[in-house]
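Thank you all for coming.

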Amino acid sequence: MKMKSLFYGWLVLASAFIIFAVVTIGVNGLPLLNVSLKEIFGWTHEQVTRGPSVLYFVVAIVSPFAGALVDRFGPRLMMGVGSLLTVLALLLYPHITEPWHLVGIYVLCAASITLGGAIAGVTLLSYWFNRYRGIAVGIYLVGSSLGGIVFPQLIAALTQANGWQKTALILAAVAVLLAVVPLLLVRNRPAEKNTVPDGQDAPVIAGTNAVASSDAGNLTLADALGNPMFYLVLYVTAAVFFCITGVVQNFALFMRDVGLNDTQTANALSLFFICSIAGKLIFGALSDRFSKKSILVAAVVNMTIGSVLMRFIPHNSDIFLPLFAVIYGLGYSGAFTMVQLTVAEYYAGKNFGKILGVVTTMDTLAGSAGIYLLGTLRTMQGDYLTGIHILIGVSVSAVLCALLIRRPQAVALT
């Protein structure tokens, strides 16, 4: 009996997964390392969070151009450039002495994430998967969560043993080792391996959410901008990212306010990102079986409940911190995944990079605002209370708008 060969797309997925973990070090790893800068140089919360805030602002500006580059040159090349920029940022990190130096490091991280991150990865997987796109994208996005589990623990241990400067150099070496082999295995499209999306033996099941119409593939950026539903999707993704990035980039500082040390903070971050792995896989898999809108709404509701739990962490961290880490971790990762999948379902095709670039611009502008607003309010008021209340309100508005999303009439789905 002839054994079926493994669909090469799964190898492409595994490679993209590892590369995504590398290019998101600036988001998932550096915030814990930045705490050392605050303590050594006496910087304020606003100065420490200025770099991450600028990161998302730069990503917002560059994303439409990055999307066009991905459409023109292919995801593989962009992933390679993104990985190199991550290594460069880590090599320069030990030389930081001024706040503007940190901003410069985050500009490099912004270019890395924009070129080698979700735009390239989701575009790549939209070429390789159709029927299994939900679970494939969910698995891919776990790459950033895996980095959020591994790198805080690694940084906490390395910083205690070697200091923050040597730790950054070790991370640079790790990034090189993790990026080279996966890049050699990535291929842009199934035709390069003489196969088709999902593989030759993939089942075709009527009534699924897979995108198969030529209308979807031929949609231009102008078509998307001319559809009112596109703006509703833009608002939901902006609201989701305002909350996600505001929490993630201020979380280590918030934990310090609560009275937790580096090890306790790293443990909380690890639990948070472990749950984010589960959220991406669960919501991604569900989206292959049920309405993407329904799954998106469920994920944002989860995130809203987590925001409420965050409000009570200062009163009893033993109870509310793990609850927050579990529920918000599931919700934010599910919402993040479902935003990508909703856009892919409606707009996957030859212009998908450009369209996703515009979506990324909106969500990163909102993310930059979330980081800056929470950091600034903490500096002005001495705590994160007002910022958390804003997070709750924005999360509720995202739920309401997600309920209003309708499938664009211009896109014919099977």
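This is a predicted model: local features need pLDDT of at least 70, side-chain atom pairs count only at pLDDT 80 or more; totals for chains, interfaces and linings use all residues.

Residues are numbered from 1 along each chain as its sequence is written, and side-chain values use heavy atoms, with hydrogens and water left out.

Let me start with the overall picture. The chain has 16 helices and zero strands, where helices (H or I, at least four residues) and strands (E, at least two) are DSSP runs numbered from the N terminus. Along its principal axes, the C-alpha trace spans about 60 × 45 × 45 Å. A compact globule of 414 residues would have a radius of gyration near 22 Å, and the chain, with 20 Å, agrees with that; the radius is taken over C-alpha atoms, and the globule rule is 2.2 Å times the number of residues to the power 0.38.

How much of the chain is buried? The share is 60% of the 414 residues, with buried meaning under 20% relative accessible area, exposed over 50%, and partly exposed in between, for a 1.4 Å probe and protein chains only. If we take contacts between residues at least 6 apart in sequence, 87% of them join residues at least 24 apart, a contact being heavy atoms within 4.5 Å.

Now to the aromatic rings. A search of the whole structure finds 17 aromatic pairs. Rings of Phe, Tyr and Trp (its six-membered ring) pair if their centres lie within 6.5 Å, and planes under 30 degrees apart count as stacked, over 60 as edge-to-face and the rest as tilted. One of the pairs is formed by Phe7 and Trp128, which is tilted, with 5.8 Å centre to centre and 55 degrees between the planes. Phe7 lies in the segment before helix H1 (8-23) and Trp128 in helix H7 (residues 118-128), so this pair ties together parts that are 121 residues apart in sequence. Both Phe7 and Trp128 are buried.

For another pair, look at Phe272 and Tyr328, whose ring centres are 6.1 Å apart with planes at 20 degrees, so that the pair is stacked. Because Phe272 lies in helix H12 (residues 262-287) and Tyr328 in helix H14 (residues 317-347), the pair ties together parts that are 56 residues apart in sequence. Phe272 counts as buried at 3% relative accessibility, and Tyr328 counts as buried at 0%.

Returning to Phe7 and Trp128, ring pairs link them with Tyr8, Trp10, Phe129 and Tyr132 into a cluster. Helix H7 itself, where Trp128 lies, is mostly covered, with 11 of its 11 residues buried; among them are Ala118, Gly121, Leu125 and Tyr127.

Where in the chain does Met303 sit? Met303 is found in helix H13, and at 0% relative accessibility it counts as buried.

Leu55, in helix H4 (residues 45-73), is buried at 1% relative accessibility. Leaving aside neighbours within four places in sequence, Leu55 is in contact with Val27, Tyr106, Cys109, Ala110 and Ile113.

Asp288 takes us to the loop between H12 and helix H13 (292-310), and at 12% relative accessibility Asp288 counts as buried. With neighbours within four places in sequence again left aside, Asp288 is in contact with Arg131, Tyr132, Arg133, Gly134 and Ile135; of these, Tyr132 also belongs to the ring cluster.

Is Asn194 buried or exposed? At 71% relative accessibility, Asn194 counts as exposed. Most residues other than glycine have a negative phi. Asn194, although not a glycine, has a positive phi of about 55 degrees.
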